[in-house]
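Please open the model in a viewer and keep the selection panel at hand. The stops below say what to select and what is there.

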Amino acid sequence: MISLKECSGKQLPLKTERVAGGDTLNIAIEISPMGVTMVGDSLGGVYYNMLSKATRKHGIPVLFHPFTLLSTAMTGLNDGRYQLVVSDIPITAELKEKYLFVDPILIDRQVLVQRRDSITGEAEIKSQLELGGKQIAVPAGSPFISRLHNLSKEIGDTIYIEEDSEYSSEQLVILTALGELQRVVVSEHVARLLLKRYPILDASVAISFNQFHGWLLAPTDTILRDSISSWIYHAH
C-alpha cells in the first residue's frame, strides 16, 4: 500500500537550522527527486549530485538546507541565511525583478497530475479548458500559482487554488496517488520521475509552455551567480 512515509522528505537526515559561516556556501535545496532525496542509504537527487560534484571540484565547502516550501527558502534567502535556493523555479519577469538567476538549468513546463481512475467518480481532466471550477493543490508560495491565475483568465473560468502550507510538491503527488487530493500541479521533470513509482497517476495535461528554469540568488550576488553558472556549464 502506498504510504506518505515513502516520501523522501520524511526520511532525510539533513534538516538543521544551523547556518554555516566563513567561506561555506549555504544552499537551500528542495526535497524532491530533482532536488535532494534518499537513494538507499545515501543522499541523491539530480541537483544535489550536480552541486556536490561542482563544489568538491572547486574546493567550496557547502551546507545543504533541505526545504519543502519554496516560500520558506526564499525568506531565508532574503534574510541572508542562504546564498542559493535550488528548486524547479521558472525564470519569470516577476522574479527577475527581485532576484538573480543562475544561467538556465533546464527547460521545463508545469503539468497537471491526477489519478487515472478517480476514486470520487469525477471525470479525468483531458484539457486545460476543463479546469474551470476545479480545485488544484500546490505548495504554499509556489511560483506556479501565477500561471494558474493567468490560465484561469485565459479559459474564462475560476480555477480554485489550494495552497498547502505543510507538504512539498512530491508529497502532494503522493497524496494524489492515495486519492486524498484530486489533482496537483508540478514540474514535468518531477512528474516523470514520480510516475515511475506511481503508475496510477497521469501527467499528460500541460499547464504551461516550455520555459527556462533556474536557481535563485540575492540581487547583489553577481559574482556568486557567475561562478555557479560557470561550474554548471563546465559540468555539462
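Begin with Arg147, which is buried at a relative accessible area of 15%; buried means under 20% relative accessible area, exposed over 50%, and partly exposed in between, with a 1.4 Å probe and protein chains only. This is a predicted model, in which local features need pLDDT of at least 70 and side-chain atom pairs count only at pLDDT 80 or more, while totals for chains, interfaces and linings use all residues. Residues are numbered from 1 along each chain as its sequence is written, and side-chain values use heavy atoms, with hydrogens and water left out.

**Around Arg147**

Show the side chain of Glu154: a polar contact of 2.8 Å joins it to that of Arg147. A polar contact is a pair of N or O atoms within 3.5 Å; within protein, one must be able to donate a hydrogen and the other to accept it, and residues adjacent in sequence count only if both atoms are side-chain atoms. Leaving aside neighbours within four places in sequence, Arg147 is in contact (heavy atoms within 4.5 Å) with Gln110, Gln128, Glu154, Ile207 and Ser208.

**Helix α4**

Next select residues 145-155, helix α4, where Arg147 has its place. Helices (H or I, at least four residues) and strands (E, at least two) are DSSP runs, numbered from the N terminus. Ile145, Arg147, Leu148, Leu151, Ser152 and Ile155 are buried in α4. Seen down the axis, these buried residues fall within an arc of 155°, so they line one face of the helix; the arc is that of the directions from the helix axis to the C-beta atoms. Lys153 and Glu154, on the other side of α4, are exposed.

Just after the helix, Gly156 takes a positive phi of about 70°.

**Strand β1**

Move to residues 25-30, strand β1, where six of six residues are buried. Leu25, Ile27 and Ile29 lie on one side, and Asn26, Ala28 and Glu30 on the other.

Which strands pair with β1? Two strands pair if DSSP finds at least two bridges between them. β4 (residues 62-67) pairs with β1 in the parallel sense over six bridges, with His65 as the bridge partner of Ala28. β5 (residues 84-90) also runs parallel to β1, joined by three bridges; there Val86 is the bridge partner of Ile29.
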